[in-house]
Structures are given as structure tokens and as C-alpha cells.
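Okay, thanks for having me, I'll keep this short. Let me put the model on the screen, and then we'll go through it together.

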Amino acid sequence: MIAAGRPFLPLFLHVLGAMVLVGAMLSVLFLTLAAWRKPMALLSKSAFRTLLIVAVPAWLVMRAAGQWMYSKEGWSGDNDPTWLGIGYLVGDIGLLVLLITTGVAFWWNRSNKAVAGRIVTGLSLVYLVMLGVAWLAMSGKWS
Amino acid sequence: MFPPVSTFDWLLMLHITGAFLLIGGSVAAGIFNTFAMRAERPSDTAFMLRMVRPTLPLIGIGSIAALIFGLWLVHEQTEVKLFSFWIVAALVLWVVMGALGSAGGKHQEKTRAVAERLAAAGDTSDDELRTLLHDTRGNAMSWLAGLAALLLLIDMIWKPGQ
């Protein structure tokens, strides 16, 4: 139901990357929320590894495939639809949020300071909301 | 409050939201399962397998929403037939994914119960837990459910036979 007449491989990789990214950020959110109740080194290590090994590569796949699709579908930047702009905005600002989250998770992993874990909770929640807006805008084709 | 969208786009948005919850939740469950398998102490294994629980409502709601809004989308489109190959394939994959995921979940629950027991009794692993953690058949159920979800996504985008 997703795509009529759109290039298969770039769209598949774009959607798959986005879904894996959402799953990775959900994991990080759950791990950090668990740490609020029960601080454990296991949680900070797992959150950092999830961001580094799953979330960042998933972002790369999502963004590269999105760019591939953009060029295949012949968009030019002139009068691009709103949903595409929202996707770009969340994609590019999202990288910044993702890298800051990964950096703070590294600090949390090294220091085990509760405040670092709480910052990761906030950042991962913000990023999940951004991803939610992007998938709603892109799938609903907000004009 | 919301930008203007057609009924079709609303349904597509809700269908895809369901798919995001389903696959996002499954990815999160897979991540926790992987950490559980690699944990050194039974208490850590049990903890990570408990972390799978909050992903289950997301997977359940996502799979139901993807199915309902997907069928609604088929109903809305006159050019798409319910018995098209890709729709039937999607429905079969949806059932297979659910059945395999449920079987994999039962295996994880059994593993968690053993890990909890060992955690309470000195937190040292034993052969039973190691066997359960590396049981090919038990783990294959969860990974095959993930593969079915991946095939479902490919089917939805590729639409073979349409």
C-alpha cells in the first residue's frame, strides 16, 4: 500500500532504515527509562551500543536511500511539497540530535552519572517525536 | 490543526503508522533479545528479557492497525482487488509473522523464568540457561518472525502481481 509506481529499492531501504531507526530509538528510550528506576552499568552500555551499532547505521541507510529516491524521482528543490521538506528537515536536524544523543550516551556509559542518562531519555524522546512527525507527514503526503 | 489530507492519505498514514509500530517494536524486542543472549549473568539476561515486555503492546497495536487500515485501503481503491497476489501474500505473511512471533515469545518467557530463578540463587549461569539462550529452534522462531515482517514490507512496496 505504500508506493504506487515509485522506485522499489531506494524506497524499501529508506522505509526500512527509518523503521529500524525508530526501533533503535525506542530501545534507547526504554533502557534509559529503566535506568531512572534501577541504575545499572548494563543499561548505559546497552544504550550507547544501540545508538552506535543500530541507530547511526540505520540513519545512514534511511538518509542515503532518501537522497537516491529524491534524484530518481526528479525532484529539483523548486516547489518541492511540504512533506518532502519536513522529511529533509527531520532527516538533517535529526542527525545532529542523534549524534548529540550518542555523545551523551558515551558520557553516561563512561561516568554512570544519572544526569547523563536523563539527558539521553529527553533527547531520544525528542528524536522519536521528530521521527513520528516525519513519518506522518511523508506517508500522509502533507501538502 | 492538521494540514488537509484526503481520506486515502489518512488511511495510508494510519496503515504506515501501524507498520512503524510493528517493525519498530520488533526491532526493539530483537535488540533486547540480543543483549539478553550476550549477557554474562542470569540477572542481566532476565532483566533484558523483561525489557521485551513494553515492546509487546506496540507490536500488537501496530500489527492490528496495519491489517485493519490496510484492508480499509483495499476497500477504498476500486483498482486493487482483495484477492490480488500481493494482498493474499501480505495476509499470509501477517499470520505467519504472528504465529512465529508468539512461539518465539513463549521461548523467551521460558528462558526468562530460568534466568530469574538462577539470579535469585547466586546469579551463576548453568547448562539449562545456556542451552535455552542458544537453542537454535527457539531463537529461530523470533528471527523468522522478523524475516516474515521484512518480507511483508518488501511485498507492500514491490506489490508483485499488481
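So, what pattern does chain B follow when you read along the sequence? It goes α-α-α-α-α-α. That's 6 helices and 0 strands for chain B. Before I go further: this is a predicted model, so keep that in mind for everything I say.

Let's stay with chain B for the overall picture. The C-alpha trace spans about 65 × 40 × 20 Å along its principal axes. Chain B has 162 residues, and 43% of them count as buried.

Now let's zoom in on a pair of helices. How do the axes of α1(B) and α2(B) cross? Helix α1 of chain B covers residues 7–38, its axis comes within 8 Å of the α2(B) axis, and the two cross at roughly 170°. On the α1(B) side, the contact is made by B:Phe32, B:Phe35 and B:Ala36, and α2(B) brings B:Thr45, B:Met48 and B:Leu49. Sorted by class, this helix contact has 5 nonpolar residues, 1 polar and no charged ones.

While we're on α2(B), have a look at B:Phe47. That residue is found in helix α2 of chain B, which runs over residues 42–50. Is B:Phe47 buried or exposed? It has 24 C-beta neighbours inside 10 Å, and the cut-off for buried is 20 or more, so B:Phe47 counts as buried. If you want a distance to check on your own screen, take B:Phe47 and B:Ala28: they sit 19 residues apart along the chain, and their C-alpha atoms are separated by 14 Å.

Last stop, the interface between the chains. How many residues does the contact take from each chain? It's 29 residues from chain A and 31 residues from chain B. On chain A, the helices that each supply at least two residues to the side touching chain B are α1 (8–37), α2 (41–72) and α4 (114–140). The largest share of that side comes from α1(A), with 14 residues. And the make-up of the chain A side is 20 nonpolar, 8 polar and 1 charged.

Definitions and conventions. Residues are numbered from 1 along each chain as its sequence is written. Chains are lettered from A and ligands numbered from 1 in the order in which they are written. This is a predicted model: local features need pLDDT of at least 70, side-chain atom pairs count only at pLDDT 80 or more; totals for chains, interfaces and linings use all residues. Helices (H or I, at least four residues) and strands (E, at least two) are DSSP runs, numbered from the N terminus. A residue is buried if 20 or more other C-beta atoms lie within 10 Å of its own, exposed if 12 or fewer, and partly exposed in between; C-beta atoms are placed from the backbone. Two residues are in contact if their C-beta atoms, placed from the backbone, lie within 7 Å. Ala, Val, Leu, Ile, Met, Phe, Trp, Tyr, Cys and Pro count as nonpolar, Asp, Glu, Lys and Arg as charged, and the others, Gly among them, as polar. Axes are lines fitted to C-alpha atoms, for helices over the stretch in contact, and angles run from 0 to 180 degrees between N-to-C directions.
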